[in-house]
Structures are given as C-alpha cells and as structure tokens.
Amino acid sequence: QRAPRQPAAPADLMRAQAQAITTSVGELTGLLREAGDDAAALDTAELDRRLATQLPLLMRPEFPGLMRQALGQVTTPVQQRALLELNQYVIGAVEQLADSAVDLQWQQLNKLRELCDAAVDGGSEMLKATAEAMRGELDADFCNCLNCALEEEEARLRARGIQPLEEDRRWEALAAAADGGGALPA
C-alpha cells in the first residue's frame, strides 16, 4: 500500500516551475532552430505535444515573475522567440480555462435557477419532480458549484456580522424549507 502523496512545498513548486520554463524554452529553441529564422509561429499541435504535460506547473501564479527572470537569462533572438512562444501558449491555456470555468458556472447557475423557479412556482412537490427530472444534470460539478456558492454567501454573512448555520444544521434547514417548513433561519 502506497503512502499518501504529500503536497509539495511552495519553494519546491517554484523550483519545479522554473525548471519547467527552462526545459520548455530549451525545447522550443531547438524547434525554432530546426524550422529556420523565417518560420511562422510554432504549430499548436506540436506545442500541445511538448508542453501540455507541463501546464499544471506553468500555470501557477508565479509564472509571470519566473518568465521575467527567464527573459534576463536568454542571450539569443531565437531564445527570446522561444520564450515568447511559451508565454503565448500558457496565456492561451489560462484564457481557455477561464472561458471554460465561466461557461461551467453559467450552466450550473441555470440548473439552480430552474430548481428555484420550480420551488417558487409549485412548492416542494414541483421542486422534487424537477430535481428528479434533472437527476442526470445534478452531478459533482453542480454540487461543487452549490457548495462554493454557499461558502461565498457564508463569508458575506460573516462580513456583515451574521453567524451562518453550521453545515449539518444548514442542510436540515434546507430540507425543512423544501418540505414546506417555512423560511430558512439566518
């Protein structure tokens, strides 16, 4: 039986990220040299093949600072271009991830809106029927989104000096409200 993997220390992650940048720039420099000085931007499929496995490291918050450090270490125009290609690739991946997160949140909010509309329009019976009809859509992503929204609302309540319900009581209160037991306590 394997021991659980311990999370890496921040300093270890920064070193690994810096190494990933150095390695990636080296690979891209070689590709650019093979392609010649007048080559257009590197092929996205080739960048994916060479860099995608490094994205979890490269996309960490320290990336901009480490890229500035790397810029100070490059000595040739082809290395500068490799650094630019790496930067554009990582920025593109971050933008794509952000767009996906926005789309996912929108989908989850629409599910929640549908459930709330059912509860308002037809009470607990319509809510139950709607939830049953949506069973396949109420997946882990939906539950994670709902939990995140609850945590954000609890933080807003605490900021206003209101103590939110503890987690076990929160679900009891939600169940009572869904069963027609009245409004949720603050």
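Visitor: How many salt bridges does the structure hold?

Guide: Side chains of opposite charge can pair when their charged atoms come close. A salt bridge here is a side-chain nitrogen of Lys or Arg within 4 Å of a carboxyl oxygen of Asp or Glu. The structure holds 9 salt bridges. This is a predicted model, in which local features need pLDDT of at least 70 and side-chain atom pairs count only at pLDDT 80 or more, while totals for chains, interfaces and linings use all residues. Residues are numbered from 1 along each chain as its sequence is written, and side-chain values use heavy atoms, with hydrogens and water left out.

Visitor: Which residues are linked in a network of salt bridges?

Guide: Glu27, Glu46, Arg49 and Arg50 form that network. Within it, Glu46 and Arg49 meet at 3.0 Å, N to O. They are about one helical turn apart, because 3 residues separate them in helix 2 (residues 44–51). Helices are DSSP runs of H or I with at least four residues, numbered from the N terminus.

Visitor: Is Arg49 buried or exposed?

Guide: Buried means under 20% relative accessible area, exposed over 50%, and partly exposed in between, with a 1.4 Å probe and protein chains only. Arg49 counts as exposed because its relative accessibility is 57%. Glu46, at 21%, is partly exposed.

Visitor: Where do Glu85 and Arg81 lie?

Guide: Both are in helix 5, 4 residues apart, which is about one turn of the helix. Glu85 is buried at 6%, whereas Arg81 is partly exposed at 23%.

Visitor: What is the N to O distance between Glu132 and Arg135?

Guide: The two side chains form a salt bridge at 2.7 Å. Glu132 is partly exposed at 46%, and Arg135 is exposed at 54%.

Visitor: Which residues gather in a patch of negative charge?

Guide: A charge patch joins like charges within 9 Å, using residues with over 30% relative accessible area and no salt bridge. On the surface, Glu114, Asp117, Asp121 and Glu137 make up such a patch. Glu114 sits in helix 5 (residues 77–133) and is partly exposed at 41%.

Visitor: How many disulfides does the structure hold?

Guide: A disulfide is a pair of cysteine sulfur atoms within 2.5 Å. The structure holds 0 disulfides. For Cys148, the nearest cysteine sulfur is that of Cys145, 6.7 Å away. Cys148 is partly exposed, with a relative accessible area of 38%.

Terms used: Patch = residues over 30% accessible without salt bridge, like charges linked within 9 Å, V, L, I, M, F, W, Y side chains within 5 Å. Areas by Shrake-Rupley, 256 points an atom, 1.4 Å probe, with all protein chains shown as cover. Lys, Arg positive; Asp, Glu negative; His and termini not counted. Charge placed at Lys NZ, Arg CZ, Asp CG, Glu CD. Helix = DSSP H or I, 4+ residues; strand = E, 2+ residues; numbered from the N terminus.
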